[in-house]
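User: I'd like to go through this structure with you, a few questions at a time. Could you start with the term we will need for side-chain packing?

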Amino acid sequence: HLSIRRQRQMCIRDRYRIAVRFYYLLILKKLTELALIDWQQEKTNEDYIKELKESSIQSRFSDSTRIYDFVWYGNFTINQTDFTKAELLFKSILNS
């Protein structure tokens, strides 16, 4: 059985993971609304990076995609410190 402490750590980690996904989806929504990308279900994150090649936010979006891919698809653990750094990046895109 898992200890209560371990269960709490897993819950916190999962919340950060879900928060990263939420931010990334918000970014995709904003870029779509601004007509900077053409969101399509079959497109990959790499497709969106390529679409932004002329945009001033391409580098930040590429960095946010890397974080998202590692955390969501790679199941990399994200702690509070890492999440705080990622959140600053996500917000910089959302507020631009």
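Analyst: Happy to! Contact, or touching, means heavy atoms within 4.5 Å. Please keep in mind that this is a predicted model.

User: Thanks! Which residues does L31 touch, not counting residues up to four places away in sequence?

Analyst: L31 sits in helix α1, which covers residues 4–33. Its relative accessibility is 2%, so L31 counts as buried. Leaving out residues up to four places away in sequence, L31 touches L36, I37, L52, I57 and F61.

User: How far apart in space are L31 and L94, C-alpha to C-alpha?

Analyst: In sequence, L31 and L94 are 63 residues apart. In space, the C-alpha to C-alpha distance between L31 and L94 is 8.8 Å.

User: Is N45 buried or exposed?

Analyst: N45 is found in helix α2, residues 45–51. Not counting residues up to four places away in sequence, N45 touches Y24, F61, T65, Y68, D69 and Y73. The cut-off for buried is under 20% relative accessible area. N45 has 15% relative accessibility, so N45 counts as buried.

User: What is the length of the polar contact that joins the side chains of N45 and D69?

Analyst: D69 is one of the residues that N45 touches. The polar contact joining the side chains of N45 and D69 is 3.0 Å.

User: Now the charged side chains. How far apart are the closest N and O atoms in the salt bridge of K29 with E33?

Analyst: Side chains of opposite charge can pair when their charged atoms come close. K29 and E33 are four residues apart in helix α1, so about one helical turn separates them. K29 is partly exposed at 49% relative accessible area, whereas E33 is exposed at 56%. The closest N and O atoms of K29 and E33 are 2.4 Å apart.

User: Which residues are linked with K43 in a network of salt bridges?

Analyst: K43 forms a salt bridge with E51, with the closest N and O atoms 2.5 Å apart. K43 is partly exposed at 25% relative accessible area, and E51 counts as partly exposed at 30%. In the network of salt bridges, the residues linked with K43 are D38 and E51.

User: And which residue forms a salt bridge with E87?

Analyst: A search of the whole structure finds four salt bridges. The closest N and O atoms are 3.8 Å apart, and the partner of E87 is K91.

User: One last thing: what is the value that phi of A35 is near?

Analyst: A35 lies in the loop between α1 and α2. With 64% relative accessibility, A35 counts as exposed. Most residues other than glycine have a negative phi. A35 has a positive phi, near 60 degrees.

Conventions. Residues numbered from 1 in each chain as written. Predicted model: local features only at pLDDT ≥ 70, side-chain atom pairs only at ≥ 80, totals over all residues. Heavy atoms only, no water. Helix = DSSP H or I, 4+ residues; strand = E, 2+ residues; numbered from the N terminus. Buried < 20%, exposed > 50% of the residue type's maximum accessible area, 1.4 Å probe, protein only. Polar contact = N/O pair within 3.5 Å; in protein donor to acceptor, adjacent residues only side chain to side chain.
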